[in-house]
Amino acid sequence: MTTRSATGRVAVVTGGAAGIGQAFAERLAVDGHAVAVADLGPADETVRLIEKAGGRGFAAHCDVSSPESVRAFAAEVEGEFGQVDVLVNNAGIYPATAFLGMSWAEWQRVLGVNLNSIFLLGQAFVPGMVQRGWGRVISVSSTTFHSGIGLNTHYTASKGGVIGFSRSLAAEVGEHGVTVNTIAPGLVRTATTEKGPQAAWFDALAQLQAIKRTQEPHDLVGAMSFLASDHAAFITGQTLVVDGGWMRA
Ligand SMILES: NC(=O)c1ccc[n+]([C@@H]2O[C@H](COP(=O)([O-])OP(=O)(O)OC[C@H]3O[C@@H](n4cnc5c(N)ncnc54)[C@H](O)[C@@H]3O)[C@@H](O)[C@H]2O)c1
């Protein structure tokens, strides 16, 4: 089987201004993609990393939970790059909140950013992939879905939803050369987890893993790069757990 270089392909990374998404955007550029970043915050640093890696970079303000904002982002990406071949649904929020103290507004906000977003981004970019007969949708889930840790009912529900969505969409678009998969990280050191309650769990969780160190964003980029490539053309509807061997799912 011959494989095509990713050069000429276009990737979208949501939440690519920081953390895991920034590492994904940089790796996609290294792999030869032009990369468009959707984020609430400024992604200048990520665009610099993309360009340093030799790629074309573009970033726009986008709230992935808003239909209007995603529609506007999709139009901008279309104008900039013409098409999207790889969609990486990475944007996510993870406020630690006890269910008994959780408001309806917070539940909806987490589901909106983590799960409704993949509907909106998918509606924007999957039709073009199907039409061209090639595409990759990679969404970030979490091993909180497998472990079921507390203070995370909204988050865990959203991340389970990401897996369910991907399994079903995979069945619909497989015949058109489009694969749909998820990556489930364990606890990853990012600026957000470092300043959140998660920081207190880094050392204890590392001891539960087969590989006893805290996961970093760069530990995830190989799995994403593989799923985005031609080498993974026959892998779809799957969840790849990348957590140093914490969950043996
Ligand atoms: N860090 C972890 O331990 C961990 C573990 C498992 C899964 N994840 C998942 O990985 C993904 C990235 O996590 P991270 O730790 O890198 O997060 P992060 O907070 O470091 O970065 C997330 C990015 O998403 C952006 N974002 C947030 N809400 C948005 C919105 N409504 N629209 C557009 N952009 C938005 C933020 O501005 C930020 O740039 C999330 O889906 C998260 O749930 C993280």
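Val13 has Val88 of strand S4 as its bridge partner. In S2, the partner of Val13 is Val37. This is a predicted model, in which local features need pLDDT of at least 70 and side-chain atom pairs count only at pLDDT 80 or more, while totals for chains, interfaces and linings use all residues. Residues are numbered from 1 along each chain as its sequence is written, and side-chain values use heavy atoms, with hydrogens and water left out.

Take strand S1 next. S1 spans residues 10-14. Strands here are DSSP E runs of at least two residues, helices H or I runs of at least four, both numbered from the N terminus. S1 runs parallel to S2 (residues 34-39), joined by five bridges. S1 also runs parallel to S4, through three bridges. Two strands pair if DSSP finds at least two bridges between them.

S1 is mostly covered, with five of its five residues buried. Buried means under 20% relative accessible area, exposed over 50%, and partly exposed in between (1.4 Å probe, protein chains only). Val10, Val12 and Thr14 point one way; Ala11 and Val13 point the other. In a regular strand the side chains alternate between the two faces of the sheet.

Helix H1 (residues 19-30) forms a right-handed β-α-β unit with S1 and S2. Right-handed means that, with the strands pointing away from the viewer, the path from the first strand over the helix to the second runs clockwise.

Now to Pro95. Pro95 sits in the loop between S4 (86-89) and helix H4 (104-132). Pro95 counts as partly exposed because its relative accessibility is 22%. Pro95 and Gly196 lie 101 residues apart in sequence, yet 8.5 Å apart in space, C-alpha to C-alpha.
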